[in-house]
Amino acid sequence: MAGYKPVAIQTYPVLGEKITQDTLYWRNYRTPVQIKEFGAVSKVHFSPQPPYNYAVTASSRIHIYGRYSQEPIKTFSRFKDTAYCATFRQDGQLLVAGSEDGVVQLFDISGRAPLRQFEGHTKAVHTVDFTADKYHVVSGADDYTVKLWDIPNSKEILTFKEHSDYVRCGCASKLNPDLFVTGSYDHTVKMFDARTNKNVLCVEHGQPVESVLLFPSGGLLVSSGGRYIKVWDMLKGGQLLVSLKNHHKTVTCLCLSSSGQRLLSGSLDRKVKVYSTTSYKVVHSFDYTASILSLALSHEDETIVVGMTNGILSVKHRKSESKKESLPRKRPAYRTFIKGKIYMKQQDDIMINRPAKKHLEWYDRDLKSFRISKALDRVLEPNCVIKTPEVTVSIIKELNRRGVLANALAGRDEKEITRVLNFLIRNLSQPRFAPVLIRAAEIIIDIYLPVIGQSPIVDKKFIVLQGLVEKEIDYQRELLETLGMMDMLFATMTRNNSAPVAEHVPTELPEEEMTETPCQPADADKSS
Amino acid sequence: MVEERVRVVRCGGSRLNFRRAVFSADSKYIFCVSGDFIKVYSSTTEECVHVLHGHKNLVSGILLNPNNHLQLYSCSFDGTIKLWDYLDGILIKTFTVGPKLHALYIPPNAEDSVFLTILKEDPDVFQLVSVKLPKSSSQNVEARERTFVLDYVNRSPKCIDFGNEGEYIAAVRDFYLSVYFLKKKKTCNFTLPSTKNKKNAKNRFTCVACHPNEDCIASGHMDGKIRLWRNFHDEKQYTYTCLHWHHDLVMDLAFTVSGSSLLSGGRECVLVEWRDGAEKNKEFLPRLGSTIEHISVSPAGDLFCTSHSDNKITVIQRNLDARAVIQGLVKDRSISTGLMVDPKTKALVLNGKPGHLQFYSLQSDKQLYNLDIIQQEYINDDGLIQIELKKAAFSHSGTWLATVEQRQENPSELEMQMKLWVFSKKTQGFSLNTKIAMPHDDHITALCFNNAENYERPMLVTASRDGHFKVWVLADDSDIYKKAIGWTCDFVGSYHKYQATNCCFSEDSSLLAVSFEEIVTVWDSETWELKCTFCQRAGKIRHLCFGRLTCSKYLLGTTENAILCCWNLLSCSLQWSAKLNVSVLEADPYSDHVAAVSQSAAGSDLFVFKPSEPRPLYVQRTISREEVQWGVFVPRDVPESFTSEAHQWLNRSQFYFLTQSQCLLTFSTKSPEEKLTPTSKQLLAEESLPTTPFSLLLGKHRRQQDTRSSETSENELVQLPLTENIPAINELLHTPAHVLPSASFLCSLFVSSLLLSKETESAEELPDVDMEENKESDDSDEENDLTEKAQETHNTDLRDDVIHQLSKREEKELRKFRKVDYSWLAAL
């Protein structure tokens, strides 16, 4: 036997972004904290060790910020010129930075003066990194060279002169102490092995390379340059896996989420995009106020820090989930759920299973027992009206289908009828709700016409409604005028062009018109 | 092979809810009328156990024989009363009364008389008469002697009931309740005091029921009230109480066997149980699907059943739990979807219950299942505008189903939804895939899928009165989170703002024909270019269809001005045209034949032709007096092999059509008897037990055992006389005991039949047989009990003895006896 069928709530396509797990995840950040730096923020790097401080390189200073601090907890400012690429060592104890004057400096986090200074580059050093064994530093400079330095001796170990243009980005492998990758403005990304004196792999990116990134496994390499992000399979000898073109300006920075499932890219077009690393589709995108130069994610994606060209550092913290836990709700004990379900059938027992009770919404429960006015009251509650107007409209439609809408609307006092009228005023002009609500409005006018003038509040609402309808009529008239003008334009176009254009265009236009016109019958009623 | 004349045959789908269903005494079976037949259903498994056929016209009443509860009386419009043995499906007696019989009543204490409602005078005056059924041994008995009982009765059997062991008859008509006391031969008439103004009074009587053991009459009224009448022996001192729950008319009333509660039902689709005749003690069984037309109670009191307007019988337990549903073809609404064939199940598909699509098996005359399309609570009320299922179409392989539903309150407000359903292999049913709100701005006039084999790209075309046709394609809707497919609009076409009226794909789906009022346009389905147009200036196009197989280059169209046109798509010209007012045009998907049903004043005619030539291959005049609304070709399971040109069209498919009065008819060359024999034979062979899944399983197991044993015995080269194989014994065992003569008379016959079958074998072999048998039972089954074995051997010993004792003369006598035995049994 068929049970009660719940009211079908009409679903409407949500305009704009689709709600997915990713959008929910990436939206779950607080409003950004903006920190003004002295110049363009060229690099943000998180310490891999707790408390996950981050180093911000801007102009000739390096600021170290704590997790929630708005002010730097430490500043390294002993640079003669612009500093570049302040990077933490894996243990979070040391920090290395390049600079415009070609000196690579190594700092202790607790100290102030540099521990080491590696001098050898003749031009600005834009990229430095620690190798996996923690005892070497790789640097790339505008003098086209890549150098490997030994920290204990502060000596240069190796120099690779294979790039033919500025080396602007680099990255050391997290697994192999001898491997590192550099990207250059000569459009190539090269992988070097410290055990040989030549590059072991070279891939052609096609644009000046702005950023390179090695996956934690070391198997995949991501390079960005120009508008492209390219993913290379290192294990297949540098085969191009996928090429992404989702930004419309140069992609300047790359970053992996902590799970390794998502890739983030920041670009001069002021957007950060999030890609899935399985399908390489964009799953989410953030907007910023200025062109993005640097981007970093903290441990467990707790914080997103973005540095921009105008010197603003934007810090977003993830919303804490403690809010939900703060509401201790008494749940039924486990045994209530398994009650009777764990009974083992004995011989000669006949099991009678009670059919699972279907959960019904409150309005459905009311409708099931024909409490129509109550059902309507439920969906006119402010919570429902604001959050889910489509539920309210669906219930009104259902009442109309059952032929009891007039009964449900009748016999309401001032407060209740005001509530209905408020809802109508709010939603009447929406094309998707119009056909149902116009009918409801007609019924209300029919019912309450004899008592009009008794309540100033309700009268005011009726006048607002009237104004709304008049506005809608004007709007319709304007639309029709526009349509007429466009028809004329199309008519002149057909004379010039071939026939098929005219064939297709009129088919689209009447639809727009039709979605709006259902308002008109009500207008006629209202004016009479 | 001799080819017989093709005749129109009524096929299934008769009304099960025409009269009250009747329970057997043990509540195992339910009997209900079904057109000219009576159907015996098992009340547990919903299976049809027997079909009792013999009446020549609609059966109008059935009742158990109060003197023998294994027999059933039935009366029919053909003027006869028949007595049946329902366990075996045998007709026992026929009483010919004469006039059309509208209802049958048998009071519990009446020995041999029955009460019948017959027409007294035209147009609408009926009387209740009693007929004495003469006792006679012959099968056909004349019972023309009628005694008049009551005049001016309502012809509906619900309006007369017998009360308190047949002491009085309660009959209602319009505003009167008449109680006729059989012993005193006195009639009391009662009327409600508030019925002075008869024109506006709403408390007209609709049905009546008498309390089984008290002097109490319950009557149902138009205004939804139930009145309980007492003290009606006196026209002055009568009293009544009122029970009111129904808001619409009370369709039927029934007291339970003990009389403790009263059941009522009506249009609300709710069965109400009134306990102790009190208004506050009531129980409900809601959402029974559609209007309750009849309620009946089993004599044992453990079951109720309700007959519904959607041709359904619901079996309900005493605690108001629905237990089983017997569903026939739903026909009480206008068929707007037309007839379709589900390619997967080969079932006939049409709209049935409100908002549902029914899948109906033509072979078993049974509804397979209902697909809920609208999925909304059904409120059955007068004057409500319901959402209606308007169109439906299956894709070529049956994987996709498209449905269109709409609700139109007034001309400017149209709610419409198109739904696309996908057949899921896992659940073996359709599940909703895409829902499109307002696919068009106006009514959808036609809907069709492309019929190519390429499953990757199914395509749906909808034509609408808004002047557009839209092409919908299946698109990939999956992202990284889920895999999904959905339908989207691919192309919108129009032709000079004319209304699109029909659409049709060619056989290979390369061309789409869409008719715009008078003009037929042909589009390339790859590029959606307009290829050519045809216009005959002969009124709006009514049907459009492409030829199949060898005739696939032809396009057929019929117009409102009664012209049938055939266009050649290669030359883009009119091939031929004929003057024919076609109401149904259907192409057989498995051959190149096309059936057209034309409409004329005399009735409907069928023309079968090939599009390649204007000459019809087969013509049958007046297949039906009324207008034929829909037709469809249903593929046959086993192709026939007619060779003559006129009959070839019946080889691969069968043409079914639905007339205006909702009769489902078809064409067949077989006579109705021939058509029925296989099924009835099969039914007789079955045991009279209800077929449960368990019994089916067990039956299979038994059959396997049988075959195994027969195999082994074949290996032994000796066929043993199993008792099951002797028809006489079989018949003896399966005929109910009450129709058999005394055991003493049968005993000798029984023994003799055993003996004679044995006697055919030579006497020398007998000892061998014994040995073989012993051996076999030793070897084969270890499970066999030792005692059983002993018995068997003992039996054979006995037989041996008997054989030795029989003389030649005695044998002859026994043989004679056996012959007698057979003829006697056959006469039953």
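**Close-up 1. Pairing of strands 2 and 3 in chain A.** Two strands count as paired if DSSP finds at least two bridges between them. In this predicted model, strand 2 of chain A and strand 3 of chain A (residues 54-58) are joined by five bridges. The sense of this pairing is antiparallel. Within it, A:Lys43 has A:Thr57 of strand 3 as its bridge partner.

**Close-up 2. The open sheet 2-3-4-5 of chain A**. Four strands of chain A make up this sheet, and their pairing is antiparallel. Its edges are strand 2 (41-46) and strand 5 (74-76) of chain A. Each edge strand has a single partner strand, so one side of each lacks a neighbour in the sheet. From one strand to the next, the twist averages 20 degrees.

**Close-up 3. The open sheet 6-7-8-9 of chain A**. This sheet, too, has four strands with antiparallel pairing. Strand 6 (83-88) and strand 9 (114-119) of chain A stand at its edges. Both have a single partner strand, and therefore one side of each is without a neighbour in the sheet. Here the twist averages 20 degrees from one strand to the next.

**Close-up 4. Pairing of strands 6 and 7 in chain A.** Strands of a sheet pair through backbone hydrogen bonds, in either a parallel or an antiparallel sense. Strand 6 of chain A pairs with strand 7 of chain A (residues 94-99) over four bridges. The two strands are antiparallel. A:Thr87 lies opposite A:Val96, a residue of strand 7 of chain A.

Notes: Residues numbered from 1 in each chain as written. Chains lettered and ligands numbered in written order. Predicted model: local features only at pLDDT ≥ 70, side-chain atom pairs only at ≥ 80, totals over all residues. Heavy atoms only, no water. Axes fitted to C-alpha atoms, helices over the stretch in contact; angles between N-to-C directions.
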